[in-house]
Amino acid sequence: MAQNDTLVKGWQPVIGLEVHVQILTNTKLFSPAKNKFGEDANTLVDLIDMGLPGVLPVLNEGAMKQGIKFGLATSAKIAKTMIFDRKNYFYPDLPKGYQITQLHFPIVRDGVVDIGNKKIRIHQAHLEEDAGKSIHDQYDANSVIDLNRSGVPLLEIVSEPDIRSASEAVDYLKKIHQIITYLDISDGNMSQGSMRCDANVSIMRPDAKEFGTRAEIKNINSFKFVEKAINYEIKRQIKVLEGGKTIEQETRLYDSTKDETRSMRTKEFANDYRYFPCPDLVPTNISEDLIEEVKNSMDELPEEKEGRFKKEYKLDDYEAKVLCSEKSTANFFEEVCKTTDPALSAKWIIGEVNALINKHDITLDDSKITSDNFSSLITKIKDGTISGKIAKEVLEEIWNTGKNPKKIIKSKGLEQISDEGELESIAQSVLDKNSSQVEAYKSGKDKLFGYFVGQVMKETQGKANPASINEILKRLLNS
Amino acid sequence: MDKIELKNLLFLARIGIEDKEHPKILEKLKNTFDLIDEMNELNLDNIEPLNNPLELNNVSREDSDNDRNSKKDFLEGSPESDEDYFIVPKIIE
Amino acid sequence: MNFKLQRESFRSKKISAKEATQEAIVKAKKDKLNIFINHFENEALLKAEHIDNNFDEFKDMPLSGIPIAHKDIFCTKNITTTCGSKMLENFVPPYESTVTENCNAAGSIMIAKTNMDEFAMGSSNETSFFGPVSNPWKENLVPGGSSGGSAACVAANITSISTGTDTGGSIRQPAALCGITGMKPTYGLVSRWGMIAFCSSMDQAGPFSRDAFGCAALLDAMASYDTKDSTCTKRKKVCFEKSLNKNFGNLKIGVIKNIDNLGVSKDILNAYENSKIVLQGLGHQLSEIDFSELSSGICSYYVIAPAECSSNLSRFDGIKFGHRSQTQKDISDLYMQTRSEGFGDEVKKRILIGTHVLSAGFYDAYYLKAQKVRRMMKNKFEEVFKEVDLIFMPTTLDQAFKKNRESSDPNRMYKEDLLTIPANLAGLPAISFPNGLKNNLPIGGQLIGNYFGEDLLLNTTNKIQEVTDWHKMTP
């Protein structure tokens with residue numbers, strides 16, 4: 001069970017993650033209210049979501065199909081029969097006083113996720129309804145309840161405790177994120193809460209036969225905090241055990257401002273959820289036909305897309321991987337390739353575009369770069385209208401203004417100078433102005449060639465066609 | 001069932017019953033459990049539990065919306081609310 | 001009051017819907033038996049007028065022009081629905097139950113909501129927050145429960161039809177104690193949408209009337225496939241009223257061996273024996289069946305029903321609807337106070353039982369076991385129905401009893417349902433019809449049919465009622 005490269009001060013951390021993912025569907029799991037985010041409070045609440053006396057749940061087949069998709073994407077077993085259970089507890093944002101979830105017969109079991117250097121097993125993924133929201137800052141002496149989120153379909157993905165470090169946990173989480181966003185199962189937005197993560201953390205001696213007692217860490221809402229929270233907890237548990245005490249099986253909240261985990265107030269009496277099969281729902285037998293139908297409707301998985309990109313667009317492993325890491329980027333690339341050169345597009349997306357994205361911290365979709373204006377830019381580079389250096393400038397202009405590159409090039413007079421005659425005369429004039437350097441070059445200082453190129457570029461404000469200039473200068477200098 | 005178990009049950013069910021009434025309740029519960037315990041005289045080997053008498057399967061609906069939201073009615077019909085929310089005593093998390 | 005005659009009078013324009021409604025309203029107002037929780041005179045008269053003004057549209061409907069009272073367990077839109085509880089004393093549902101919607105569409109006019117045991121838990125209509133109901137036959141006696149009000153309403157001739165719900169016998173037992181006909185359909189025949197849930201896997205709405213004819217017409221109106229109820233079944237629509245005249249031929253009817261061992265009173269056994277003779281006289285063949293498992297139903301029921309209700313009633317927390325305690329220091333206090341104030345003793349007791357049987361460590365010993373007993377019961381019925389078409393037995397152990405009855409057996413009240421519970425566990429249809437009178441109090445007999453055999457049950461009962469007069473008795 002020990003994995004030597006992940007030991008911390010001689011202890012082996014063992015981590016399991018529970019990820020709750022809000023499923024993309026038109027309506028909620030058991031009610032026909034719209035499944036949307038960000039609307040005015042209590043406007044997306046159906047009779048069923050209110051838990052009014054006499055209302056009854058009816059399963060949304062769309063949510064079920066999304067669950068099946070996840071099972072297919074993780075090579076998991078899709079349940080032949082899935083059953084919904086009631087989990088009974090009281091909380092103000094839980095209208096019925098119970099949550100409909102799946103305990104013994106979840107929709108998906110025994111999946112696996114490849115995080116690159118190892119595989120992490122998924123114990124199960126099950127469907128359940130989300131609760132509403134309690135808000136505490138509206139009044140001094142009161143809290144308020146918004147039931148918009150009550151009944152939203154969730155897929156709870158529970159990993160086996162195969163993760164051995166905080167960074168592995170992040171890799172796993174990122175892979176899950178990639179799968180669910182690729183397949184449009186969820187928009188996986190951690191800050192908005194459509195993807196939430198709890199971590200179960202324990203430590204053990206490398207040669208121990210059993211796992212240590214685990215603590216559950218909640219309230220982690222970004223990839224960065226996942227890593228920090230787990231690392232904190234590992235260190236905390238080491239301190240506890242090395243101090244001769246024992247780890248309590250408890251729930252702890254992660255505090256991101258203090259970067260620590262804190263024990264939640266323990267209740268006087270344990271919460272017993274008294275699970276039993278929900279008598280308002282009936283078991284669902286998932287047929288091979290349905291699974292086949294979902295399979296055929298599924299978009300490509302990241303690995304499949306990478307393979308196709310390598311073949312179709314003649315990309316290498318690295319390029320394919322980077323372009324396919326986010327579906328939106330991959331889609332952008334393919335759209336662009338319809339009208340311009342794939343190789344050059346790939347290079348520029350991976351390089352310059354990604355640099356801009358990282359610098360400004362917004363997504364490609366939210367930026368002013370469109371497949372049209374980008375494709376146009378690439379074409380202009382390819383056909384020699386502008387040089388690579390100039391293209392960088394143009395790209396920044398597109399990023400800032402969204403203007404068409406044609407217009408930008410024209411208005412700023414950035415066309416590359418490729419006319420042989422013109423270039424030759426400029427080159428000659430540079431050489432004439434720098435006769436001593438020419439002599440030095442001719443007597444062996446090869447490095448000065450770069451200087452001449454630079455001077456020509458200066459003369460032409462960077463617009464000289466680099467390849468032509470190289471060739472012309474060589475010719476002139478050797479004559 | 002003993003007093004502690006009763007206290008736990010009362011908490012799980014969020015029902016308050018005065019301590020002085022507990023013996024009476026325990027007595028009533030005991031009587032009912034005496035009746036229930038007659039189940040133990042039955043031979044239930046090899047019998048599967050039955051949840052739904054008709055053993056129906058596969059009931060679901062299309063993922064299409066049907067707007068039955070009535071924010072005004074819901075809020076006005078509640079014990080305490082404002083224009084937007086249901087109001088409860090402060091929850092300490 | 002005979003439903004068939006009443007409907008004929010409307011259809012032949014002898015009496016208008018308004019007149020019939022007015023009459024019922026007056027009678028209802030005079031009621032001293034505490035049958036009703038709320039009256040709806042204005043709405044009723046408006047509806048009656050509407051029906052009269054659209055006579056052609058409504059005249060062929062199963063319930064055309066007939067005043068009706070609904071058990072206060074059905075959510076009626078914008079009309080107070082209390083479920084017999086303080087918790088919902090002022091609850092006004094923003095939506096309509098399928099049962100009442102269907103009855104409205106079938107031309108009936110609701111004049112009032114009837115009293116009932118709180119949240120349908122009880123067998124005597126004594127647990128209602130709104131006070132007990134009295135049996136029309138004798139005021140100091142109970143009408144049965146939980147649908148005591150609806151049964152008394154028909155027995156007292158206020159309306160010719162009323163609706164009830166039956167989870168452990170709550171239609172059949174009051175029907176027997178009040179001398180009328182009441183039926184529990186197959187589980188899943190009638191939609192539970194809008195019917196406040198007690199025990200979801202057994203609750204079924206059903207009709208009360210003097211006779212099988214009234215029950216058939218009312219059931220025709222009530223039953224419909226409803227996509228809003230996942231436990232409702234899709235079936236080819238059978239017209240129960242038309243089935244009354246079908247010829248099902250001579251049936252094989254099972255009668256229970258050693259039924260006297262179950263504690264059935266002598267008077268009821270006598271009525272039972274008399275009915276057997278009637279059945280034979282109609283050409284049916286009786287066959288003794290060994291159904292010793294019958295009495296174990298009750299222990300299973302008092303695990304499953306409390307378990308499901310403990311969960312179903314968790315939604316009553318004082319936050320979104322219903323009663324909220326005025327004294328609340330914090331959230332925890334809010335829950336405790338609201339639920340303590342809002343629920344009566346019997347409801348609290350069943351919630352506690354239910355909470356316990358689902359608890360960690362007890363689930364297998366109680367809940368799982370009870371579900372096995374349920375399967376055993378269903379299996380036995382399946383076995384029996386291979387040999388017979390119907391099962392005939394008494395409805396109750398006793399006739400109507402005194403309010404606040406004292407008993408040396410602390411579980412005596414629960415045993416009221418001994419003979420009715422098995423059909424609920426298995427989800428089978430069953431009907432209780434009057435089959436005797438003793439001590440000037442009615443006695444009921446019960447027929448249990450196979451799944452979706454309502455037509456056979458109603459037909460057989462109808463044939464019995466063609467040759468007997470018990471169903472015509474009134475207090």
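Visitor: What share of the contacts in chain A with a separation of 6 or more comes from residues 24 or more positions apart?
Guide: The share is 70%. Contact means that two C-beta atoms, placed from the backbone, lie within 7 Å. This is a predicted model, where local features need pLDDT of at least 70, side-chain atom pairs count only at pLDDT 80 or more, and totals for chains, interfaces and linings use all residues. Residues are numbered from 1 along each chain as its sequence is written, while chains are lettered from A and ligands numbered from 1 in written order.

Visitor: Which residues of helix 1 of chain B are buried?
Guide: Helix 1 covers residues 3-12, and Leu9(B), Leu10(B), Phe11(B) and Leu12(B) are buried. Each passes the cut-off: 20 or more other C-beta atoms within 10 Å of its own. They pack against helix 13 (345-357) of chain C. After helix 1 of chain B comes Arg14(B), with a positive phi near 50°.

Visitor: What makes strand 10 of chain A and strand 2 of chain B a pair?
Guide: DSSP must find at least two bridges. Strand 10 (residues 142-146) of chain A and strand 2 of chain B have 4, so they pair, in the antiparallel sense. Val144(A) stands opposite Ile87(B). Both elements are DSSP runs: strands (E) need at least two residues, helices (H or I) at least four.

Visitor: How many residues take part in the contact between chain B and chain A?
Guide: Chain B gives 30 and chain A gives 39. On the side of chain B, strand 2 (86-89) gives the most, with 4 residues.

Visitor: What makes strand 1 and strand 8 of chain C edge strands?
Guide: They belong to an open, mixed sheet of 11 strands, in the order 1-3-2-4-6-5-10-11-9-7-8. Strand 1 (36-39) and strand 8 (285-289) each pair on one side only. Strand 1 of chain C pairs with strand 3 (residues 109-114) in the antiparallel sense over 3 bridges. There, Phe36(C) stands opposite Thr114(C).

Note on methods:
Buried ≥ 20, exposed ≤ 12 C-beta atoms within 10 Å, placed from the backbone.
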